[in-house]
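Subject: Structure handover

Hello,

Here is the structure I promised you. Please open it first, then read my notes below.

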Amino acid sequence: MQSWVDLFINQVKATSLLEWTAVILGVAEVLLAKANKVWLYPTGIVATLISIYLLLNFGLYAECLLNGYYVVMSFYGWYYWIKKKNEPPVKVSYANGQEWIITLLIVFVGWGVLYLILVKFTPSTVPVWDAWVSSTAWAGMWLLARRKIENWVLLNVSNLFAIPLLYHKNLAMFAVLTLILFIVAIFGYIEWRRIIRKEAINAG
């Protein structure tokens, strides 16, 4: 146990300023998401671009692709939230059947495609694990962009597997950030459910 603690301490000491910046912005992003604030997107875009550079250096290629996807979906989500200035903002809601089909396709087709890409075109040492973390997060990000409450569930599936993966790759602070995101996502789900229930009461 002590060796794990010592390893973690050494990893924290070796954390670069760039990684600290990405972590701080990442925490800010998820807190803004929990509060249902559109500023989560520009904050997340900056954090994600930094993360792509760092993850590439550590050989987490699917994570790099995931973060590239985050950038694209962040711009999409930013636009989707504010595109109608004179109309009410997009409401938080539950995903419907069609959206669940799309979500599951993103998870499982994405997992398979990413795995094949990693095996054939990269020197990845963790292709199955890396691909799974990324595909589940892809699905969660798509749901977040559409303000669907289930985004928190999919993102936490990804977070649960990402924490040990990042620690395995000596990215201690990214692992800590992911643990924070996991905890915040639980409260995010609770908060969004409260919003849905409040809107239902007001509508009734």
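The largest cavity has a volume of about 560 Å³. A cavity here is a set of points, on a 1 Å grid over the protein atoms alone, where a 1.4 Å probe fits but cannot get out. Points are joined across faces, edges and corners, and the volume is the space filled by probe spheres set on them.

This is a predicted model: local features need pLDDT of at least 70, side-chain atom pairs count only at pLDDT 80 or more, and totals for chains, interfaces and linings use all residues. Residues are numbered from 1 along each chain as its sequence is written, and side-chain values use heavy atoms, without hydrogens and water.

Helix α7 (151-168) gives the largest share, seven residues. Helices are DSSP runs of H or I, at least four residues, numbered from the N terminus.

Now the helix pair. The axes of α5 (residues 97-121) and α6 (residues 127-145) come within 8 Å and cross at roughly 150°. Axes are lines fitted to C-alpha atoms over the stretch in contact, and angles run from 0 to 180 degrees between N-to-C directions. That makes α5 roughly antiparallel to α6 (over 145 degrees). Their contact (heavy atoms within 4.5 Å) includes Trp 111 of α5 and Trp 138 of α6.

Best wishes

Note on methods: Helix = DSSP H or I, 4+ residues; strand = E, 2+ residues; numbered from the N terminus. Parallel < 35°, antiparallel > 145°, perpendicular 65-115°, else oblique. 1 Å grid on protein atoms, 1.4 Å probe; cavity = no way out; pocket = protein on both sides within 12 Å on 5 of 7 lines; lining within 4 Å.
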